[in-house]
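Please look over the sequence and the model shown here before reading on.

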Amino acid sequence: MPGSKRPGALNMQARPLDTSGYTLSLDANLSPHNSLRVTARASLLARLHDATKLPELLGHAATQHGGDVLVLGEGSNVLFTADYTGMVVLMATRGVWVEEQDNQVSMAVAAGERWDDFVRWTLTQGFSGLENLILIPGTVGAAPIQNIGAYGVEVAEFIDSVETFDTCKQAVTILDKTACAFGYRDSVFKHVPGRYIVTAVRFTLPRQQSLHLEYAGIRQELKRMGVSRPAAFHVAQAIGQLRTRKLPNPAHIANAGSFFKNPFLNAEQALALKKTHPDLPMWSQADGRYKLSAAWLVEAAGFNKGYREGDAGISRRHALVLVNHGKASGAAIWALGQRVMEEVYKTFGIHLSTEPQVIGNRGVS
Ligand code: EPU
């Protein structure tokens, strides 16, 4: 629970150098720090407990390790295709600062808090809004970067601002919601990679939020549970059950959630495809475009659920998710991902884009 003591923060490399506010380990193993569990090493691994020490830590990286820095939360949205020759910073900051108003609450949450713990804590406090975003792996600091979304809700709806350290200005900078430029699985943080390091996220949550029950399966799940007048915690329970059935659990099989984003087409292109492929699921958007199911495209291009190339494969549960059955290298998973993209392009003329950050050596795609 946010604010409580975290034994998990003690899970660090053998004999790290302990400086106040962060610990440092040389030539560190990254496999415990990426949910695809690929083998990779970082020249330097820092575990940051105190965000005010960030400038000092970055100074250390600049003078001794070439200045390249990669910030990770739980590593649930990255694919390492090679060792990382700069410094990896694990955000391990904790804390929630709450300010209650009449019918809503504003809170600032440290970047290193676990997202799912935070969602559950808000529900126990009687705040609603985040119930559809239950069980998403990762940290609070990672949530605005890809504007996490599930079951008809995107986190941007509840974000007021994001507190960052701006590495260009070398200063703490607060980006309001407009400056964050949120879109579908997108934000300013993806457009200027490396510039902003998220240190905290400020949310406003209502005491009473109208529930989002439109997404396929939610109402049926509530019915199965025997709930006719759902509260936010019922919705969280229903979505938790849906996710558990439909998506592979990274604790059981290594994965990084959706590997591809759902593509958007203009109405003319989408409707032409619908004629030749009437089963292709698509949803009209407010801007006139259509969002297509990438999972369907992947399967229709020949990559069925459960497809495998060695230890790299497509999840048995969901075609959007690439999995590591054990010893797949990052390069092998990336090769499979690229093959899927090529086949989808050959079959439908659609470019899929990847959702996780693909990190090779110093570079980030
Ligand atoms: N579908 C398939 N094959 C599959 C799975 C789905 O053809 O293996 C088709 C079905 O027709 C289904 C449609 O795709 O009706 C949509 O499927 P789903 O509801 O699972 O949603 P999605 O668009 O594939 C998105 C998010 C998920 C999120 C779900 C539920 C993206 C890239 N992914 O998937 O997010 O859990 O909606 O809201 O937008 C993640 O980001 O890591 C993630 C898992």
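## The shell around the ligand

Helix α8 gives the most to the shell around the ligand, with three residues, and α8 (294–300), α6 (232–246) and β14 (254–258) each supply at least two; helices here are DSSP runs of H or I with at least four residues, strands are runs of E with at least two, and both are numbered from the N terminus. The model is a predicted one, in which local features need pLDDT of at least 70 and side-chain atom pairs count only at pLDDT 80 or more, while totals for chains, interfaces and linings use all residues. Residues are numbered from 1 along each chain as its sequence is written, and side-chain values use heavy atoms, with hydrogens and water left out.

Of the 24 residues around the ligand (a heavy atom within 4 Å), those that come nearest are Y151, Y184, Y215, E299 and H318.

## Polar contacts and cover

For E299, a polar side-chain atom lies 2.6 Å from a nitrogen atom of the ligand, a polar contact being a pair of N or O atoms within 3.5 Å. The protein covers 81% of the 810 Å² of accessible area that the ligand has on its own, by the Shrake-Rupley method with a 1.4 Å probe.

## Residue L57

L57 lies in helix α1 (residues 54–64) and counts as buried because its relative accessibility is 0%, the cut-off for buried being under 20% (1.4 Å probe, protein chains only). Leaving aside neighbours within four places in sequence, L57 is in contact (heavy atoms within 4.5 Å) with Y22, L24, A46, L48, M87 and V89.

Technical notes:
Buried < 20%, exposed > 50% of the residue type's maximum accessible area, 1.4 Å probe, protein only. Polar contact = N/O pair within 3.5 Å; in protein donor to acceptor, adjacent residues only side chain to side chain.
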